[in-house]
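Read them with the model open.

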Amino acid sequence: MAQIDDLVLFAQVIEQGSFSKVAELNNITKSVVSKRISKLEQELGVQLMYRTTRRLTLTEPGSILYQRAKEVRQVAQSAFDSVTGYSEALSGHIRVSVPTISGELLLSKALSDFCQNHPGLTIDMSMDNQFVDLVAQNYDLVIRTGYLEDSSLIARHIFNSRWVICATPGYLEQFGVPESPKALKHHNCLGYTQQSTGPFDWLFLRNTDDTYTMKVNGNFSSDNAAGLRKAALAGNGVAYLPTCLVYDDLQHGDLVELLPEHAGKVVGIYAVYPYTKQPPKRIQALIEHIREHYMAMKERF
């Protein structure tokens, strides 16, 4: 099977138009370049280019392979660029907007630790559950659950947040434990108005990879998940909340998880930043730092 480095070498040959130039760039001999290209042609069973003393001309298979080889080289370069310089001193100022829950539970400490690790760097963190305008409000990085389809922004997936259905032991003793999603129709469900589907359209699993929404009913809704937690802890109904928000409540028995095999709401957490070919090293490093902190606390999310 053709080696990836041979594909990269092939792309270089086409772009430089010369075996000699590629040999010089890679600090190898011209004959080595020629042998590796010939080996690539033999393994693929096609001729990739016509060679004359004056020029190199791609064959049709060669043209197709070049487009793919160019993509491989770009991805490889991007991978190297993403970590190059991590050991260098990071400096400058970063404005960050993060969700309220993640900010309180995880990101306040994570971001302040990052500043401690890089004395030449400062961070201004805002906690806001609304999707801010990065450019207009001059943010360098935004952490959000879900992201907007905007060609001027780059969204990098960091983690998935699992949500749980829960209620207090007292509520369940009074009204019974729902044994199926349909049974929730007989319970007072607390609605989260920030859901795109609506506060009382809850997401469930039909099987391991198929989800569906079902309408539930309730007398209270809010755009604040922490407020819904308070209502649930007061014994006022069944709530569908991020695991991280109620993790301690579940561990202490103040809330009880319901229908775990049916709860199907999983929300992606994304790092979003303005589109550039290569974001500053401090932004790359901060995103990786944030991802590591989410991974370290994955049982809470």
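Helices (H or I, at least four residues) and strands (E, at least two) are DSSP runs, numbered from the N terminus. This is a predicted model, in which local features need pLDDT of at least 70, side-chain atom pairs count only at pLDDT 80 or more, and totals for chains, interfaces and linings use all residues. Residues are numbered from 1 along each chain as its sequence is written, and side-chain values use heavy atoms, with hydrogens and water left out.

Q: In which helix is Cys115 found, and is Cys115 buried or exposed?
A: Buried means under 20% relative accessible area, exposed over 50%, and partly exposed in between (1.4 Å probe, protein chains only). Cys115 has a relative accessible area of 17%. The residue is found in helix α5, and Cys115 therefore counts as buried.

Q: Which residues is Cys115 in contact with, leaving aside neighbours within four places in sequence?
A: Contact means heavy atoms within 4.5 Å. Met127 is twelve residues from Cys115 in sequence and 17 Å away in space, C-alpha to C-alpha. The contacts of Cys115, with those neighbours left aside, are Leu121, Thr122 and Ile123.

Q: How much space lies in the largest pocket?
A: On a 1 Å grid over the protein atoms alone, a cavity is a set of points where a 1.4 Å probe fits but cannot get out, whereas a pocket is an open set with protein on both sides within 12 Å along at least five of seven lines. Grid points are joined across faces, edges and corners, and a volume is the space filled by probe spheres set on the points. For the largest pocket, the value is about 990 Å³.

Q: Which residues of the lining are closest to the centre of the largest pocket?
A: Lining residues have an atom within 4 Å of a point. The largest pocket has 41 of them. The closest to its centre are Thr145, Trp163, Tyr192, Gln194 and Val267.

Q: How do the lining residues of the largest pocket divide into nonpolar, polar and charged?
A: Ala, Val, Leu, Ile, Met, Phe, Trp, Tyr, Cys and Pro count as nonpolar, Asp, Glu, Lys and Arg as charged, and the others, Gly among them, as polar. The lining divides into 20 nonpolar, twelve polar and nine charged.

Q: Which element supplies the largest share of the lining of the largest pocket?
A: Several elements each supply at least two residues, including α5 (100-117), β5 (141-145), β6 (153-167) and α7 (225-233). The largest share is six residues, and it comes from α8.

Q: What do the buried residues of α8 pack against?
A: Thr243, Cys244, Leu245, Val246, Tyr247 and Asp249 are buried in α8. Just after this helix, Gly253 takes a positive phi of about 85°. The buried residues of α8 pack against α5, β6, α7 and β11 (238-242).

Q: Which side chain makes a polar contact with the side chain of Asp249?
A: A polar contact is a pair of N or O atoms within 3.5 Å; within protein, one must be able to donate a hydrogen and the other to accept it, and residues adjacent in sequence count only if both atoms are side-chain atoms. Asp249 is found in helix α8 and is buried, at 7% relative accessible area. The side chain in polar contact with that of Asp249, at 2.6 Å, is that of Arg229.

Q: Which residues have the most contacts inside the largest nonpolar core?
A: A nonpolar core is a set of buried Ala, Val, Leu, Ile, Met, Phe, Trp, Tyr and Cys residues joined through side-chain atoms within 4.5 Å. The largest has 59 residues. Apart from it lies another core, of 16 residues, among them Leu7 and Phe19. Inside the largest core, the most contacts belong to Leu141, Ile143 and Tyr294.

Q: What is the relative accessibility of Ile165?
A: Ile165 is found in strand β6. Its contacts beyond four places in sequence include Trp202, Phe204 and Tyr240. Ile165 counts as buried, because its relative accessibility is 0%.

Q: What is phi of Asn27?
A: Asn27 sits in the loop between α2 (19-25) and α3 (30-44). At 72% relative accessibility, Asn27 counts as exposed. Asn27 is not a glycine, yet its phi is positive, at about 60°.
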